[in-house]
Amino acid sequence: MFGFRSFIPWEVSKLVAMFQAAAQTVFVSSAAASVYRSVFLVGCRRYCKKTPTKLRISEALSGAELGADVKVQGWVRSVRPQKNNVFLHVNDGSSLQSLQIVGQAKLNDPLLTFGSAVEVTGILKKSPHQKQPVELEAEQIRVVGECNPVDFPFKIKDRHSLEYTRQLPHLRCRTNAFSSLLRIRSEAAAAIHSYFKNNGFLQIHTPIITSNDCEGAGELFKVEPSGPDFSDDEEFFSVPAFLTVSGQLHLEVMSGAFSRVYTFGPTFRAENSQSRRHLAEFFMVEAEISFTESLDDLTKVMEDMFRSATEHVMARCVEDVDLFHRHVTPGHRDAVEAMLNKSFPVITYTEAIDILNRSSERFTFPTDWGCDLMTEHEKHLVKHCGNLPVFVTDYPYDLKPFYARDNQDHPRHTAAAVDLLVPGVGELCGGSLREERLNLLMARLKQAGLEDTYSWYLDLRRFGSVPHGGFGLGFERYLQCILGVDNIKDVIPFPRFSHSCML
């Protein structure tokens, strides 16, 4: 009635002294003094009571605030009511392991079910059981969000396949496997950014909407406005615009002022494919290095980045990676460790064709010199090289885009290009030295009828051009490689592919 809660804590001692003095002069009876004690002092104690410390599940499991009054929030992974107690496992996505909650039977609630969202306060204590370091002795359990376990598509005792959970993109993050995947994905992205930062690369935010077709394959999504204010025959940007297939050309612009640049973002390909290796939207890591005339400089960055990111993920996501290596792709850990412990071999395209032609394996696609390497060829080459990542260099000139540097070799005409092939996936990285010689680049663009379209690209060679090169890495394919996941749709939160754009 005196508005105690409006005062900040350091004023409480002054209030106590003031009301004690007032009580001696105003309260003349023991009954009045009793009222004073019950109303004012109890109110002060309640106000001064320490608020429970809010912890993430991973923090609670680490033993932080052991013995303290804490609050955790998350989703119920299991419920086990008994005569005198109720046991819960609660997870908030911060770790694979859940926190065990122990409460009296009176705290059990019919709405306390598998999948429901809860808020629990209590004392964090050391657990008497060896399999769990701590447990939370609950004083209060509040159901924040109900979940009907009958209608919920995931069942508490079932192990759901990746194929099944893929059909439920709005719910599959609730499963152990996919929540582990998302933590690994987050950590891998952070590791790649860290590698580039530590090695002097500047991050560039390249545009998603572009007027360029970097790959030259024509597999583009056109961007057009929708609505009554726009006519079908009018270009919003005055030129045809598309979703980007690569940030490379924009990185090349920046490499005229910065010697090391990179970008990491979404790219789009309108490939009419539903294969295990292709997506219409995926993430690419791309880098460009100035003042280099050697493919060795590019392959060194590719290999170092792969090794650095993978070592980081293996060290920081031990339980999550172990879940995949034990239950999704048993035995894959040995393959990953071999990749980390051995240098990546390097072969030329010509040597690769010789290896394929000497093989006893019968291939579906031709293996003549000048043919593009298909997935079956890539996997055979990886196997031939000891199931290690392998660099293939110096591809036929006619197989590569206009920007690839001409090796000017004869009789077999090649370009200074390189692909990194990895076990279980095939091509992971693709890169090249860029053609910095103006006359050769002009001739190539003229031959393709692209002189006017890429006049700005020619300007880069006219004004302070230097030898340079770069590469791109498919982030989802990288995750497939280190985890052993067969289908690329299982390593991205919301897969987009031909005839499928759920959510």
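**Close-up views of the predicted chain**

**The end of helix H12.** Helix H12 is followed by glycine 449, a residue with a positive phi, near 70°. Helices (H or I, at least four residues) and strands (E, at least two) are DSSP runs numbered from the N terminus. The model is predicted, so that local features need pLDDT of at least 70 and side-chain atom pairs count only at pLDDT 80 or more, whereas totals for chains, interfaces and linings use all residues. Residues are numbered from 1 along each chain as its sequence is written, and side-chain values use heavy atoms, with hydrogens and water left out.

Within H12 (residues 438-448), the buried residues are Leu441, Arg444 and Leu445. These residues span an arc of only 95° around the axis, which places them on the same side of H12; the arc is that of the directions from the helix axis to the C-beta atoms. Asn439, Lys446 and Gln447 are exposed on the other side of H12. Buried denotes under 20% relative accessible area, exposed over 50%, and partly exposed the range in between (1.4 Å probe, protein chains only). Helix H13 (455-462) is included in what covers the buried residues of H12.

Eight strands form an open sheet in the order S7-S10-S11-S16-S15-S14-S13-S12, with mixed pairing. At the edges stand strand S7 (202-203) and strand S12 (346-348), each with a single partner strand, so one side of each has no neighbour in the sheet. Two strands count as paired if DSSP finds at least two bridges between them. S7 and S10 pair in the parallel sense over two bridges, and glutamine 203 stands opposite tyrosine 262 in S10.

**Strand S11 and its two partners.** In strand S11 (residues 281-290), eight of the ten residues are buried, so that the strand is mostly covered. Strand S10 (residues 260-268) runs antiparallel to S11 and is joined to it by nine bridges; threonine 263 stands opposite glutamate 286 in S11. S11 is also joined, by seven bridges, to strand S16 (residues 468-474), and these two strands run antiparallel. Here serine 290 stands opposite histidine 468 in S16.

**The nonpolar cores.** The largest nonpolar core holds 59 residues, of which Phe196 and Tyr478 touch the most other members. Helix H5 (residues 176-198) supplies the largest share of this core, ten residues. Apart from this core lies another, of 23 residues, among them Ala60, Val72, Val86 and Val120. A nonpolar core is a set of buried Ala, Val, Leu, Ile, Met, Phe, Trp, Tyr and Cys residues joined through side-chain atoms within 4.5 Å. When residues up to four places away in sequence are not counted, phenylalanine 196 touches Phe201, Tyr262, Val285, Ala287 and Met305.

The whole structure holds 20 aromatic pairs. Rings of Phe, Tyr and Trp (its six-membered ring) pair if their centres lie within 6.5 Å; planes under 30 degrees apart count as stacked, over 60 as edge-to-face and the rest as tilted. Phenylalanine 264 is buried with a relative accessible area of 15%, and phenylalanine 475 is buried with one of 1%. The pair of tyrosine 349 and tyrosine 395 is tilted, because the ring centres are 5.4 Å apart and the planes stand at 45°. Tyrosine 349 lies in helix H10 (residues 349-358) and tyrosine 395 in strand S13 (residues 390-396), so the pair links parts 46 residues apart in sequence. One aromatic cluster is formed by Phe264, Phe306, Phe344, Phe391, Phe475 and Tyr478.

**The surroundings of leucine 373.** Leucine 373 is placed in the loop between H10 and helix H11 (375-384) and is buried, with a relative accessible area of 9%. Neighbours within four places in sequence left aside, leucine 373 is in contact with Tyr349, Ile353, Leu356, Glu378, Leu381, Val392 and Tyr395; contact means heavy atoms within 4.5 Å. The C-alpha atoms of leucine 373 and isoleucine 353 are separated by 8.8 Å, and the two residues are 20 residues apart along the chain.
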